[in-house]
Amino acid sequence: MKHIIEIVMIILESEKRGADTQLQLNKVCELEDAFTKGFSKEEWREYIDLDNEKSQLHSLEIDHAIEITYKVCKELFNGR
């Protein structure tokens, strides 16, 4: 399963972003820039720590979605 997740992540990273994704990324960057404009060094450290933890959670959710997809496809294609 770990290898499948790695393959999917490599493919996702190598694909070009779609227009909708790029627009959403631009919105996020603009909002983040406005939100963090006056941050001190300590506030930046705290914000980066929070962002890292949110990224870890998102990665776990993606891994779980891939696992579920794999199991469903395996059952469908193996006739179970």
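Contact here means heavy atoms within 4.5 Å. The model is predicted, so local features need pLDDT of at least 70 and side-chain atom pairs count only at pLDDT 80 or more, while totals for chains, interfaces and linings use all residues. Residues are numbered from 1 along each chain as its sequence is written, and side-chain values use heavy atoms, with hydrogens and water left out.

**Exercise 1.** Find where Thr36 sits and which residues it touches.

*Solution.* Start with the helix: Thr36 belongs to α2, residues 19-36. Helices here are DSSP runs of H or I with at least four residues, numbered from the N terminus. Next, check accessibility: Thr36 has a relative accessible area of 5% and is buried. Buried means under 20%, exposed over 50%, and partly exposed in between, with a 1.4 Å probe and protein chains only. Finally, setting aside neighbours within four places in sequence, Thr36 contacts Trp44 and Tyr47.

**Exercise 2.** Describe how α1 and α3 are arranged.

*Solution.* Begin with the axes, which are lines fitted to C-alpha atoms over the stretch in contact, with angles from 0 to 180 degrees between N-to-C directions. The axes of α1 (residues 2-14) and α3 (residues 41-78) come within 10 Å and cross at roughly 115 degrees. The two helices are therefore roughly perpendicular, a label for angles of 65 to 115 degrees. Now look at the residues: Ile4, Ile5, Val8 and Met9 of α1 meet Ile62, Asp63, Ile66, Glu67 and Tyr70 of α3. Sorted by type, the residues of this contact are 7 nonpolar, no polar and 2 charged. Ala, Val, Leu, Ile, Met, Phe, Trp, Tyr, Cys and Pro count as nonpolar, Asp, Glu, Lys and Arg as charged, and the others, Gly among them, as polar.

**Exercise 3.** How many disulfides does the whole structure hold?

*Solution.* Look for a pair of cysteine sulfur atoms within 2.5 Å. The search finds 0 disulfides. As for accessibility, Cys29 is partly exposed at 33%, and Cys73 is partly exposed at 31%.

Conventions:
Parallel < 35°, antiparallel > 145°, perpendicular 65-115°, else oblique.
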